[in-house]
Amino acid sequence: MSTAAHDAQTPAPQPEQPDGDAQENSKQRRKRRPFQSLLNGIEIAGNKLPHPATLFALLAAVVVVLSWVFARAGVSVANPVDGSQVEIFNLLSRDGVQWMFTSAVENFINFAPLGVVLATMIGIGMAEQSGLIGTVLKSFILAIPKSLVTLGIVFAGVMSSVASDAGYVVLPPLAAILFMAVGRHPLAGIAAGFAGVSAGFSANLLLSGTDVMLGELTIEAAATVDPTYAEGMNLAMNYWFIIASTFLLTIVGTLVTQYIVEPRLGPWTGQGVVGMDGDDDMSVSGVEKKGLVAAGVALVVTLVLLALLIVPSNGLLRGEDGAVVQSPFMDSLVVIIIIAFFIPGLVYGVVTKSVRSDTDAVTEISKTLAGMSVFLIMAFTAGQFIAYFNESNLGLLVSVSGAEFLDSINMTGIPLLLAFMAFVAVINLFVGSASAKWAMLAPVMVPIMMQLGVSPEFTQAAYRVSDSATNILSPLLPYFALIIAVAQRYDKKIGIGSLIATMLPYSIAFLATWTAMSLGWYALDLPLGPNSPVHYSGQ
């Protein structure tokens, strides 16, 4: 038989068929590829930008130029709070130049995260350098299923809004250490913590200062249309809504971390604070156990003493008429966090002999603060940029112009709500402060929405959704520089592009699911809180 005939009779070898799991994984990779390519493109483009400290300086220069352009053009905007005309302040005028020079140090000192970060790191530094945090993490790892670590971090981040901005300082660094300790990528831990703290800022199981700040502005704006209705409103107007939001965002944030962010980052190849090579590395020694017990007792005693300042109706840290939400207690949470970390950390160090004198304690704390030098540089340039943006009145111009546009398009119902939420999500990239932005928008948007049958309570809820979801994408967020500084401890190449690309999946997922929940809430006419409807029926 010829070779040709043999070849004709012999069946050609068939390619090996992948099994069902392999085929499914291949399909998932193909589906993810366009989105992953988009994230990679954002990261590459963003990282071509200068160092964040330099970028903030350049942005400050852009604001200066724009203030000159708009001022020369005679641009002004009506302040929605009092109706007065506000002109763009020319930062290149005589007064503007003098202001920039004389306020530079003040802008740095008044940069919102600066004092909070440095002060909080005193307490955290004591707990970290004494070894307490490492021992707590090892004990936590041995006690909890690893599958619940991500969920716990996202949930803790969402709940941290009770402590105002302190969650930004505390949680992402701890999440990085915890992820690294269990052999996972620390940047994924930072991302999960940052998403919970920032993108989930308006969700919680408890009422916080955010409810008070926004609620007061909403009630005031509603009173301009219907004073009687406004008198019946309360500061817990979104309470049921934010409780449901807490569970939603915790689940969504966990899924995004595990199925999008971590696969993109890949395996962690660096060295963790807790060894993962053997069981001995993960064990807690007898001395560490003794120190842990002593630190636990110290923490309980500390919390009991602190509770005596707020629990009694006449507690020293209570507000007027015994108030808790609006009180010196809420204003001093940073100090309370410092104490809650410092005392147990010091006790642990004394018991384990990692701290033998006050000199040792100061030295250990200084090691942590030394790592904040990059953040200090970024804080200076970011502080100038934010101050320039506010002083020039460009932020007010952007917010009011957008609100007037929404008023002019004559939408109603769900399309109007979607347009409003999209507008807030975009504006949030430029004006970070939730209360400052709502102070500008509420006097305009609350009356508009009421005239179209949307209650002030629901307008505030919709605002909170969009205001939170895009926080993590804005370099103007005061704590954005801090998160970059923390991330650069593990990857020196991390820049603005890397962080935005990492956080974009969270922002999209949070905004999409949270918006869907909001519209479902609206369609089902569910109460948003005590005596807080979604529809407004008029006077």
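Me: What makes the pair of Arg184 and Glu262 side chains a polar contact?
Reply: This is a predicted model, and in it the two side chains come to 2.5 Å. A polar contact needs N or O atoms within 3.5 Å, one able to donate a hydrogen and the other to accept it. The Arg184 and Glu262 side chains therefore count as a polar contact.

Me: Where does Arg184 lie, and what does Arg184 touch?
Reply: Arg184 lies in the loop between α8 (166-181) and α9 (186-199). Leaving out residues up to four places away in sequence, Arg184 touches Lys146, Val149, Thr150, Phe179, Gln258, Glu262 and Trp268.

Me: Why is Arg184 called buried?
Reply: Its relative accessible area is 15%. Buried means under 20%. So Arg184 is buried.

Me: How do you know that Ser455 is buried or exposed?
Reply: Ser455 has 0% relative accessibility. The cut-off for buried is under 20%, so Ser455 counts as buried. Ser455 sits in the loop between α21 (434-451) and α22. Not counting residues up to four places away in sequence, Ser455 touches Tyr229, Pro533, Val534, His535 and Tyr536.

Me: Which backbone atom lies 3.0 Å from a polar atom of the Ser455 side chain?
Reply: The backbone nitrogen of Phe458 does.

Me: Why is the aromatic pair of Phe458 and Tyr522 called tilted?
Reply: Take the distance, then the angle. The ring centres are 5.1 Å apart, and pairing asks for centres within 6.5 Å. The planes make 50 degrees. Under 30 degrees would be stacked and over 60 edge-to-face, so this pair is tilted. The structure holds twelve aromatic pairs.

Me: What does the pair of Phe458 and Tyr522 tie together?
Reply: Phe458 is in helix α22 (residues 456-469) and Tyr522 is in helix α24, so the pair ties together parts 64 residues apart in sequence.

Me: How do you know whether Phe458 and Tyr522 are buried or exposed?
Reply: Phe458 has 1% relative accessibility, and Tyr522 has a relative accessible area of 11%. Buried means under 20%, so Phe458 and Tyr522 are buried.

Me: Which residues form an aromatic cluster with Phe194?
Reply: Tyr168 and Tyr479 form one aromatic cluster with Phe194.

Me: What makes a group of residues a nonpolar core, and how many residues has the largest one?
Reply: The members must be buried residues of nonpolar kinds, such as Leu, Phe and Met, joined through side-chain atoms within 4.5 Å. The largest nonpolar core has 134 residues. Those with the most contacts inside it include Phe194, Met503 and Tyr506. Helix α24 (residues 496-524) gives the most to this core, with 13 residues. A second, separate core has five residues, among them Leu306 and Ile336.

Me: Which residues is Met503 in contact with, aside from neighbours within four places in sequence?
Reply: Met503 is in contact with Ala191, Phe194, Ala195, Ile472 and Leu473.

Me: How do you know what span to expect for helix α18?
Reply: Helix α18 (residues 373-391) has 19 residues. The expected span is 1.5 Å times one less than the number of residues, which comes to 27 Å here. From first C-alpha to last, α18 reaches 27 Å, close to the value expected. Its buried residues include Phe375, Phe385 and Phe389. Just after α18, Asn393 takes a positive phi of about 70 degrees.

Me: What is the secondary structure of the chain, and what share of its residues is buried?
Reply: The chain has 24 helices and two strands. Of its 539 residues, 49% are buried.

Conventions:
Residues are numbered from 1 along each chain as its sequence is written. This is a predicted model: local features need pLDDT of at least 70, side-chain atom pairs count only at pLDDT 80 or more; totals for chains, interfaces and linings use all residues. Side-chain values use heavy atoms; hydrogens and water are left out. Buried means under 20% relative accessible area, exposed over 50%, partly exposed in between (1.4 Å probe, protein chains only). Helices (H or I, at least four residues) and strands (E, at least two) are DSSP runs, numbered from the N terminus. Contact means heavy atoms within 4.5 Å. Rings of Phe, Tyr and Trp (its six-membered ring) pair if their centres lie within 6.5 Å; planes under 30 degrees apart count as stacked, over 60 as edge-to-face and the rest as tilted.
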